[in-house]
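Look through the sequence and the structure before reading the points below.

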Amino acid sequence: MAMEDQHQELKDPEMEEAEMQLLRSKATELLLREEWNDAVYTYSQFITICRNQTPTTNHHLLKLQKSLCLALCNRAEARSKLRNFEEALNDCEEALKIESTHFKTLICKGKILLNLNRYSSALECFKTALVDPQVSGNSDDLNGYVEKCKKLEHLSKTGAFDLSDWILNGFRVKSPDLAEFIGPVQIRRSGISGRGLFATKNVDSGTLLLVTKAIAIERGILPENSDENAQLVMWKNFVDKVTDSVTKSTKTKNLISLLSCGEVEEDLEVPEMSVFKPETEDQISPNEMSNILSVLDINSLVEDAASAIVLGKNSDYYGVGLWVLPSFINHSCIPNARRLHIGDHIIVHASRDIKTGEEITFAYFDPLSSSKDRKRMSETWGFNCKCKRCRFEEEISNKEEMKEIEMGMNGGSEMGAAIYKLEEGMRRRMVRGKEKGYLRASFWGAYHEVFSSEKAMKKWGRRIQGMEMVVDSVVDAVGSDERMVKMMVERYKRSNNNGGVLEMERILKLGRGVYGKVMKKQALRSLLELGSHEYGY
């Protein structure tokens with residue numbers, strides 16, 4: 001009996017070794033076949049057995065530690081492919097406790113940190129890996145990661161983004177790497193609704209305010225007459241993606257918990273801007289997750305919006321996503337910000353000059369529409385806009401003169417005559433400053449029709465304000481808009497470029513309000529469909 005027990009004791013370690021070898025081979029094969037979930041499961045089994053073994057010698061201990069380190073690293077790689085970055089990072093930390101300079105783990109950790117937009121921490125990993133003797137065959141790739149981290153870290157600090165090459169190549173090349181960036185903004189209590197984003201210094205039109213990547217986004221092609229089911233399928237997929245992100249990341253969950261879900265916003269905290277920076281350790285106190293559907297219903301943004309332009313390959317798709325910091329931007333019919341959608345990133349910039357302490361606002365619906373249309377749209381959105389423009393237009397909407405102008409336009413009267421009446425009415429009533437811009441924006445369709453017609457301009461051109469003055473006043477009131485830029489460009493082309501440098505500079509300034517200061521003049525001219533050879537641009 002004693003002989004059998006001794007034989008069993010000798011046999012069990014051998015059996016465990018054989019089982020570990022089998023699991024290791026299976027896990028490696030699954031990793032190579034990119035079957036990530038199964039790879040994680042199998043590596044987890046292997047890691048459990050490894051940790052439960054009692055080493056009999058120093059050699060055995062070192063062997064177990066080496067196996068455990070590699071298994072943790074490989075499981076981290078599989079988890080990162082599943083975008084489970086939090087647990088993947090934990091695996092890397094465990095592996096590096098065993099061997100602090102383990103080459104493969106340092107590379108894996110660096111890539112994970114890069115995905116989490118933690119550029120300086122990722123850079124340290126890649127720099128440490130560079131001194132390893134194994135680097136010789138991987139030096140080019142590794143140096144590439146080092147340079148990428150340096151570039152993204154620089155962009156995250158300076159906001160010096162340049163999309164020029166991508167634009168000039170017709171978006172055919174890979175879209176540029178974008179870093180998380182927070183400019184001169186902070187969250188405060190808002191007079192519009194709950195909490196809002198505010199400028200912390202004076203900024204001029206086109207100035208970059210923030211760049212951030214979506215928590216999740218869903219895109220698809222929706223035909224014009226698509227049924228409700230197609231939209232519901234997209235929405236369900238989007239909700240599933242957000243839920244998956246929340247499940248995999250505590251920080252994501254806590255950031256989303258800061259958002260409104262329709263409750264009384266005065267009771268919600270005003271977060272510090274530091275909590276939105278990727279390099280910052282999670283400073284948010286764990287909150288009970290609100291109803292995710294309510295959060296998304298209120299805070300999700302669509303790419304096909306009045307204040308948005310999609311650049312690149314996604315411009316043909318309908319997209320809906322969740323970007324946490326832009327979710328704090330309230331609506332106004334006198335907006336001062338617009339956004340570019342590039343890949344999964346949003347670039348928010350000033351669409352007109354903004355003063356220190358002024359709230360950053362988007363137009364949730366067309367700001368170049370009439371007071372009645374905007375009121376109807378705000379009701380559809382579930383709120384009643386009380387911005388300065390809406391209050392002013394509500395005051396004068398019952399004036400007989402305004403009623404006559406609106407009736408004339410709706411009844412098919414000549415637009416030049418209606419615009420002439422509007423301009424004369426503003427002169428008699430001594431309407432000044434931005435209030436002129438408000439009314440001109442509300443009747444923009446009529447102005448556009450007149451300014452775009454040679455016949456109308458011959459008849460009314462000397463009796464109404466010039467295009468430049470009207471455009472300037474509208475931009476001062478509601479920010480730059482691509483329709484105004486297009487009209488100015490068309491006139492410039494009709495004049496055979498006789499407008500000269502001053503008119504070109506006026507157009508480019510409007511263009512920067514639409515697209516932001518994230519490209520050189522030549523690239524902006526390309527977007528505006530202008531030639532690039534005149535005047536040295």
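H5 and H6 cross with a left-handed sense. The model is a predicted one.

**H5 with H6**
- Helix H5 covers residues 103–115 and helix H6 covers residues 119–130. Their axes lie 8 Å apart, at an angle of about 160 degrees.
- That angle makes H5 roughly antiparallel to H6, because angles over 145 degrees count as such.
- H5 contributes Phe 103, Leu 106, Ile 107, Lys 109, Gly 110, Lys 111, Leu 113 and Leu 114 to the contact. H6 contributes Tyr 119, Ser 121, Ala 122, Cys 125, Phe 126, Thr 128 and Ala 129.
- By type, the residues of this H5–H6 contact are ten nonpolar, three polar and two charged.

**H3 with H4**
- Helix H3 (residues 58–81) and helix H4 (residues 85–98) have axes that come within 8 Å. The axes cross at roughly 160 degrees.
- H3 is therefore roughly antiparallel to H4. Their crossing is left-handed.
- On the H3 side, the residues in contact include Leu 68, Cys 69, Leu 72, Cys 73 and Ala 76, along with Arg 75 and Arg 79. On the H4 side they include Phe 85, Ala 88, Cys 92, Ala 95 and Ile 98, along with Glu 87, Asp 91 and Glu 94.
- The H3–H4 contact residues divide into ten nonpolar, two polar and five charged.

**H14 with H15**
- The H14 and H15 axes cross at roughly 165 degrees and come within 9 Å.
- H14 and H15 are therefore roughly antiparallel. The crossing of H14 and H15 is left-handed.
- Glu 401, Met 402, Ile 405 and Met 409 make the contact from H14. H15 supplies Met 415, Ala 418, Ile 419, Lys 421, Leu 422, Gly 425 and Arg 428.
- The residues of the H14–H15 contact comprise seven nonpolar, one polar and three charged.

**Buried residues of H16**
- Helix H16 spans residues 433–442. Its buried residues are Gly 437, Tyr 438, Leu 439, Arg 440, Ala 441 and Ser 442.
- The buried residues of H16 pack against helices H12, H13, H14, H15, H17 and H19. H14 here is residues 400–410, and H15 is residues 415–428.

**His 349**
- His 349 sits in strand S11, residues 345–350.
- His 349 counts as buried because its relative accessibility is 1%, and the cut-off is under 20%.
- A polar atom of the His 349 side chain lies 3.4 Å from the backbone nitrogen of Gly 516.

Note on methods: Residues are numbered from 1 along each chain as its sequence is written. This is a predicted model: local features need pLDDT of at least 70, side-chain atom pairs count only at pLDDT 80 or more; totals for chains, interfaces and linings use all residues. Side-chain values use heavy atoms; hydrogens and water are left out. Helices (H or I, at least four residues) and strands (E, at least two) are DSSP runs, numbered from the N terminus. Buried means under 20% relative accessible area, exposed over 50%, partly exposed in between (1.4 Å probe, protein chains only). A polar contact is a pair of N or O atoms within 3.5 Å; within protein, one must be able to donate a hydrogen and the other to accept it, and residues adjacent in sequence count only if both atoms are side-chain atoms. Contact means heavy atoms within 4.5 Å. Axes are lines fitted to C-alpha atoms, for helices over the stretch in contact, and angles run from 0 to 180 degrees between N-to-C directions. Angles under 35 degrees count as roughly parallel, over 145 as roughly antiparallel, 65 to 115 as roughly perpendicular and the rest as oblique. A crossing is left-handed if the near helix is turned anticlockwise from the far one by less than a right angle, and right-handed if clockwise. Ala, Val, Leu, Ile, Met, Phe, Trp, Tyr, Cys and Pro count as nonpolar, Asp, Glu, Lys and Arg as charged, and the others, Gly among them, as polar.
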